Amino acid sequence: MSQLKVDSLIPTTGVPSGGAGGAIQTISTTKTDTFSTSSSSMTDITGLSVTITPRSSSSKILVFGHVTGNGNGSTRVNFRLVRGSTAICIGDANGDRVRTFGGIFAPSNDNTTHSIGFVHLDSPGTTSATTYKVQVTQGTGQTVYVNRSDSYSNHVTHNTGTSSITVMEVSAWV
């Protein structure tokens, strides 16, 4: 069987003005196990990271996914996206407010999980291996959970969930 392998295809008429290239590579992971922390500092969610090595320093990286979680004792759960050790896709600095892509409020004794999604187009400007990960924190001295509810007994009214992160290298043809 014959194979044709190319880095990209460009129409014979060229890429339209302002047009973009296409997807070069996609890497994804789905976390199905649970995680918890009581830290008031941003903490890496174990198993919710992915590493990509861009083929071009001019490529963009489209990062998207979702996080499912909960907390105990009326917890405010905050999530942020990180490239390497740099927080990205976060709100502006504003007093003592936590800079995140979003969060959830978990009322006491909540038997269900809540999900929040994220999408970010990043420009890492490198061809070195780059890791993207999701971090979590709470500021109320409670425990936060990923992929599970606060009340987590073996009952049909309690659920487990999944969280995922996907990165896609996108060529930036101009």
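1. What percentage of the contacts in the protein chain with a separation of 6 or more comes from residues 24 or more positions apart? The figure is 82%, where a contact means heavy atoms within 4.5 Å.

2. This is a predicted model, in which local features need pLDDT of at least 70 and side-chain atom pairs count only at pLDDT 80 or more, while totals for chains, interfaces and linings use all residues. Residues are numbered from 1 along each chain as its sequence is written, and side-chain values use heavy atoms, with hydrogens and water left out.

3. On confidence, the protein chain averages a pLDDT of 84, and 84% of the residues score at least 70; pLDDT is the predictor's confidence in each residue, from 0 to 100. Strand β3 has the highest confidence, at a mean of 97, whereas strand β7 (residues 102-106) has the lowest, at 78. Where pLDDT is low, the predicted coordinates should not be read in detail.

4. The protein chain has zero helices and 11 strands, the terms being DSSP runs numbered from the N terminus, with at least four residues of H or I for a helix and at least two of E for a strand. Of its 174 residues, 38% are buried, that is, under 20% relative accessible area, with exposed meaning over 50% and partly exposed in between (1.4 Å probe, protein chains only). The accessible surface comes to about 9500 Å², and carbon and sulfur atoms contribute 48% of that surface; the areas come from the Shrake-Rupley method with a 1.4 Å probe, and for residues only the protein chains shown count as cover.

5. The largest nonpolar core has 23 residues, and those with the most contacts inside it are I45, V67, F79, Y132, V134 and I165. Such a core is a set of buried Ala, Val, Leu, Ile, Met, Phe, Trp, Tyr and Cys residues joined through side-chain atoms within 4.5 Å. Several strands each supply at least two residues of this core, among them β4 (60-71), β5 (75-83) and β9 (130-138), but the largest share, four residues, comes from β3. Leaving aside residues up to four places away in sequence, V67 touches residues including I45, F79, F101, H114, F118, V134 and S163.

6. A search of the whole structure finds three salt bridges, each requiring a side-chain nitrogen of Lys or Arg within 4 Å of a carboxyl oxygen of Asp or Glu. In one of them the side chains of D44 and K133 meet (3.1 Å, N to O), and the pair links distant parts of the chain, with D44 in strand β3 and K133 in strand β9, 89 residues apart. D44 counts as partly exposed because its relative accessibility is 35%, whereas K133 is buried, with a relative accessible area of 18%.

7. In another salt bridge, the closest N and O atoms of D122 and R83 are 2.6 Å apart; here too the pair links distant parts of the chain, D122 lying in strand β8 and R83 in strand β5, 39 residues apart. D122 counts as buried at 5% relative accessibility, while R83, at 22%, counts as partly exposed. The salt bridge between D33 and K31 (2.9 Å, N to O) joins a partly exposed D33, at 44% relative accessibility, to a buried K31, at 3%.

8. Strand β7 has a covered face, made of G102, I104 and A106, and an uncovered one, made of G103 and F105. β7 pairs with β5 in the antiparallel sense over five bridges, where pairing requires that DSSP finds at least two bridges between the strands, and R76 stands opposite F105 in β7.
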